[in-house]
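Here are some notes for a colleague who is opening this structure for the first time. Please read them with the sequence and the 3D view side by side.

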Amino acid sequence: MGTKDYFLIVALTTYFVGSAVAASFAGPRIEWEVGNRYRAFDYKAGVKQSAEQSAKQFEGYRQEAGEKVEDWFKRIIEQQHSPYIADPGPWNESAGRYEKDFVNLPKLVFVKAYLVTDKDRTEVLTQKPCIWRINTNEMSQPCNDPFVIAGFDSGGAKVSVLQDGVEIASAEIKPDFKIILGLGDSYAAGEGNPDSPTKWEENAKRKWPPLNDTATGDRVLKTAQWWSNRCDRSFYSYQSLAALHVASASPHAVVAFVHLACSGAEIIDGLLAPQRFPPGHSMHRCQPPFERSNPNKWDKQCDVPYSQLNAAVDLLCPEPSKPLGSDKINKIKSALKGIWHNKAQVNWLNEQRKERLRFCQKPLRKIDYVLLSIGGNDVGFSGLIADALLPRDTHIRTPLLGKLAKQIVQIVQKEGKVVCPYLPAGTSPEDLKRQKQCREYGLSAQTRIHDIPQRYRALKLALEEVLQMNPHEKTLTPDKIILNLYPNPLYKTGGALCGNPGGSNDENEWRAIHTVLPPSKSLFGLLTLYKWEVNFTADEARDVEGHVINPLNRALKEIGQEFGWQVISTESAMKDRGWCTGNSRCLSHVNPTEWSPYTSRSRFIRTANDSLLTQWPRTTMETESKDSKIIERENGFYGMFHPNAQGHAAIAKVLVDQTQIASSINTEPMPELPLSSSGDKLLTLTQRDSVADEDATCDSKVVVKKNK
């Protein structure tokens, strides 16, 4: 027999034997998943964590096999363990930027791979060990054990499994990288839900509820802390929860969520230009723009360092970005020609300003989705709430006292930056009086809504120039912009509008506001001269819904659909979950030391009482000025009329249900597998029990624990 014949016989024998062995194990395949797939967890205290450390942290936040999305969100919220309680991860608050390599796939990832086959094949496979091979490296282990690679090269490699020298399965393992960009206002940032809520001191000698802001500060043991204290940006925002869902449901990907939303942001004042006077400004050294010598001047000490779009392009551009030319700036400004409200903001885009919009000469890193919530502040969100809650007039008719009371009301209205929902068209004395009052406050919200299409067209042009949004390019296509509408928090169970009765009843959901109002006056403790009426009546709710919420959402929906964006209808996310539902609504009925802001309640929205209890910003001793009468941050009430964490979870659930944000992902979570061969759970978070919640009014007798 010749040499050629010999090799032919050997080859044929090997082929048929190998085929027979392979046939006996028909069907095995390799499944795999990335362990450190939430990019923010790769950073801790300014130091990069190992892939294994990051995977350990993510294990406590991932969705479990068979767990419904809504149940998972509930668990994440109630365990009250924001990853940013004391560590912002890749975010640098002082610089106002993320770490530059945050939007790069890490060099090393933590990978778990394992064989999947039917029961019969599994029994056959367990009779002998398996050899796992990566490149030239091999490891022998039981076939049922997951193969753990703590430092897998993210560039990819072929992984094979052999038994008796025969390859029974193989897979190309190459992790994907997803970038989700979060832009917008307080609803996007997570206002109302600090990563570490306020902790209150238990002291029976101090009156509760407090009479003023100093008395409130005296009761604070530890102030609220945020992922970004400058912007009241929180882990519990719907954008953050949605991004975490994508990471949890993407076994083959690493997800970088670039959270840039800021409470108080508008389209120009925040997205297109650096935001003036964010909630984290210092009350000691900062003045609101209208009190500055030049209201249009940007103050690097007190304002946001970069517009949200500039912060995004600087992060996503592989080289230093450059300022847009005058032709591009003028094109964006032209879309804003003729706006009625805050016309001076247009000049903030001037090409001579060093903080103007920037662009990247090279292709940006690919953005998978942009989550966007913007427009509420453009129509005067906070001013609308102030108009509804604060007194509009005085009922005192005695000339001297009436004049004094009216002056106080006007001061309160001015400080609250009141915005009327609409300008009455009637000619009755009441309508004429209201018309005069509203004109003094400025443009109504209904009028400001007319500007929304123009402001959005300017935003669209900026997205095209700055983020390279283009229907024909792969970097960012219009359908990857996910715009949410605003939920309606005005209804209680049964479809009735929420509303306080008229009159000066101060024991309601808004009693906390009395701590920042001038004290009510009485004559020698006998005759009440005036008492503040702070409430939200059903008529006011009807006005806000009919003249603001519904028209604004219609405008957003029409313009979003015109642009080819995905529009998320979240109006019903708070159905039957309005501000007047649930318990713990009365400040005097709550022991602040036992307040748990992330316990499930019927309402999905924060009241003024909720906001004070959850995010009061300071103690009297924690001030830059060292003056107990000065509040360094004034965001104690910014959380009211914002979603609580359950409200954000409801919005995130709607987003997940209505979009294809996880369409390329397995619909069933991967099986729970150990991160090491020992099978030990590497991270366990304590889950708190939910507190039963029943509807109650402030006039009801609510049983609470009293201070000892």
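Two strands are taken to pair if DSSP finds at least two bridges between them. The model discussed here is a predicted one.

1. An open sheet. Four strands form an open sheet in which the pairing is antiparallel, and their order is β8-β7-β10-β11. The edges are held by β8 (137–141) and β11 (166–173), each of which has a single partner strand, so one side of each is left without a neighbour in the sheet. From one strand to the next, the twist averages 20°.

2. The pairing of β7 with β8. Strand β7, which covers residues 130–134, pairs with β8 in the antiparallel sense over five bridges. As an example to look up in the view, I134 has N137 in β8 as its bridge partner.

3. The contact is made by V69, E70, F73 and I77 on the α3 side, and by A645, Q646, A649, A652 and K653 on the α17 side. The crossing of α3 past α17 is right-handed.

4. A glutamine in a loop. Q275 lies in the loop between β15 (253–259) and α8 (308–316), and with a relative accessible area of 2% this residue is buried. The side chain of Q275 reaches the backbone oxygen of S263 at 2.8 Å. Leaving aside neighbours within four places in sequence, the residues in contact with Q275 include C262, G264, D269 and V304.

Conventions:
Residues numbered from 1 in each chain as written. Predicted model: local features only at pLDDT ≥ 70, side-chain atom pairs only at ≥ 80, totals over all residues. Heavy atoms only, no water. Helix = DSSP H or I, 4+ residues; strand = E, 2+ residues; numbered from the N terminus. Buried < 20%, exposed > 50% of the residue type's maximum accessible area, 1.4 Å probe, protein only. Polar contact = N/O pair within 3.5 Å; in protein donor to acceptor, adjacent residues only side chain to side chain. Contact = heavy atoms within 4.5 Å. Axes fitted to C-alpha atoms, helices over the stretch in contact; angles between N-to-C directions. Left-handed = near helix turned anticlockwise from the far one by under 90°.
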